[in-house]
Amino acid sequence: MPQTLYDKLWDDHVVRVDEDGIALLYIDCQLVHEVTSPQAFEGLRLEGRTPWRADSIVAVADHNVPTEPGIEEIADPTSRHQIETLDANCAEFGLLEFPMGNPRQGIVHVIGPELGVTLPGMTIVCGDSHTSTHGALATLAFGIGTSQVEHVLATQCLPVRKSENMLIRLEGTPPAGITAKDMALALIGRIGTAGGTGCAIEFSGSAVEQLSIEGRMTLCNMAIEAGARSGMVAVDDTTLAYVQDRPYAPTGNTWKDAEKQWRDLRSDSDAVYARAVVVHANELAPQVTWGTSPEMVVSIDASVPKLSDIPDPAQARDAENALDYMGLHGGEAITDLELDCVFIGSCTNARIEDLRAAADVVRGRTRAKRVRQALVVPGSGQVKAQAEAEGLDQIFVDAGFEWREPGCSMCLAMNADRLEPRERCAATSNRNFEGRQGQGGRTHLVSPAMAAAAACAGHFVDVRNYLS
Amino acid sequence: MKPFTQHRGIVAALDRANIDTDSIIPKQYLKSVARTGFGPNLFDDWRYLSPGDPQSDHSKRPLNPDFVLNQARYQNASVLLTGANFGCGSSREHAVWAFLDAGFRAIVAPTFADIFDTNAAKCGLLTVCLPDEVVRAMMDEVSATEGAQLDIDLQEQTVRTDSGETHTFDIDPQRKRCLLEGLDDIALSLQHAELIRQFEAERRTRAPWLFDRFGTRS
Ligand code: SF4
């Protein structure tokens, strides 16, 4: 039977299958952060259990950490308590943690691949829906809830039913200014936020082959916004070149053995998928979301939809709620939307290539006066150091942007970085849900270059006109 | 986990699709390290007119009269009837804990997002999928009848409305068993500890680079 990449990764980790067809899946690595783990550790303690394999766990504080430079102590006592709880749990159970202030600290989905914690062929879970990001390195990675976090801590396994195989083929060479983020948004606009429910998505096609690993991570990151629990890309030379020499990657002969196994992590040419979608990346324009769901998205040269243009009554109702929340009537040109804030960051778009793309646009320009705040929040301490070595921080600061410490920041506004009610923001993150970036805040999702251009113009602009 | 066998209770209709877990329980309440106490903050941004945080006295915050769940008729609701793709977005299990804490035992919708659905099952909150048109008809019935109730029988896999219509629903047999008996599925997995150890030993031979990598104790 020909197999997909997902089939291979799955089969490789099945401990047993019960009479109902539910597999006990072995988990190679669990990533832990401060928000979704305290109750799991508490549950473990209440049952008198300890982690099954402490050497398979990496913990990091990211959601609550302040990003203003020079802060060592968190002002908000509940945030501080949550981070201290993570520190204490890691100390108690002997887990590797990158605490606040550690040079390797950062957003959990940025540091995993960057440190070589994420390696091809693994199963990875984390109490965080964007765990799908790690699939860019041909892993089976998915987000879980706190009960499942506890389950994996206690047993190294999860009882799960296999998902369906779904293929997303991105074909063609994307024009200059069109990034993985635009591809992801355009895809979600087409299949909807429930389009991948119950599926494991494999991304393939010539556009994916041309993408860097960082771009592939952006794609896989957004798989969850398409309803899929995981996204993944096959191993190729780009994958191996990325993984080699990372701090936790194998070396010497072990590397050679590993490489041999990893080369096989691709779908058989005659593999079958339950569903398949083709997107022509060469035909795409930069994407901007207008509503409160990632599927409410249009091209930069389009307008916000009018209610009268939406025939389906249920969709029209959703659109009406969204327009109302976003302070829009429908029919506005996207380029007329004026911005109060710009956020460049998150596990979707805060890696070095994202910051380079944004800096390229910003160089020689300045933040528009009407933009109250333009935040650049690197995804990790390592990304920050690299950007500073390249002088990117200076470009941003000179242009009136704020250069921050790594963390989730205004992606979900659990720390002090947040929108005021009714503020409109161009964000490189992954969710434009109501209140996501602060109660009453209005989020438009875009690529890093689009966010940078919008910060300089004060409204959305077509970044293709900004490229030299 | 509290078992779920049968339940009869007031049903509240929240007619909206794609409700995300950020809306169900906003981020500021995720700072708690407990599993309980989230009930007053279920749909916090929609429920109250003033912003709140974990330190607020929620009983003093003004309620939003336009939010359906604030209607007097729904105050003792224990079943939610709502739109498709319910619970999409963030994996936060706090969303499920908030429903349980607010007295809900079941949610009926055309479809659920994967992670929310799994989390619900692990905590004893029943999720029932019924076809679009059935949910729509129930919405109309519930909105028109104050005090409308639903009768849910998990063993029989049925939902019965006050007007006597009975709808059957599908549920994963394993999930059904765990819910009916209130089973701790960690204990179930640990029954296979020996098998897990064997698998692990083989995996260590095949992929030794995945072992002894992190942590100070093993
Ligand atoms: S950056 Fe945003 S999406 Fe990513 S892990 Fe942090 S909060 Fe979640």
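Colleague: How many disulfides does a search of the whole structure find?

Modeller: In this predicted model, the search finds 0 disulfides over all chains, a disulfide being a pair of cysteine sulfur atoms within 2.5 Å. For Cys220(A), the nearest cysteine sulfur is that of Cys347(A), 12 Å away, so Cys220(A) is in no disulfide.

Colleague: Why is Cys220(A) called buried?

Modeller: Buried means under 20% relative accessible area (1.4 Å probe, protein chains only), with exposed over 50% and partly exposed in between. Cys220(A) has 0% relative accessibility and therefore counts as buried.

Colleague: What makes Cys411(A) buried?

Modeller: Its relative accessible area is 7%, so Cys411(A) is buried.

Colleague: Which residues are around the ligand?

Modeller: Among them are Cys347(A), Cys408(A), Cys411(A), His63(A) and Arg436(A), where near means a heavy atom within 4 Å.

Colleague: How many residues of chain B are in contact with chain A?

Modeller: 64 residues of chain B touch 89 residues of chain A, contact meaning heavy atoms within 4.5 Å. Of the area that chain B buries against chain A, Lys31(B), Trp209(B) and Phe214(B) supply 14%, more than any other three residues; buried area is the accessible area (1.4 Å probe) that two parts lose on being put together, summed over both.

Colleague: How are residues and values defined here?

Modeller: Residues are numbered from 1 along each chain as its sequence is written, and chains are lettered from A and ligands numbered from 1 in the order in which they are written. Local features need pLDDT of at least 70, side-chain atom pairs count only at pLDDT 80 or more, totals for chains, interfaces and linings use all residues, and side-chain values use heavy atoms, with hydrogens and water left out.
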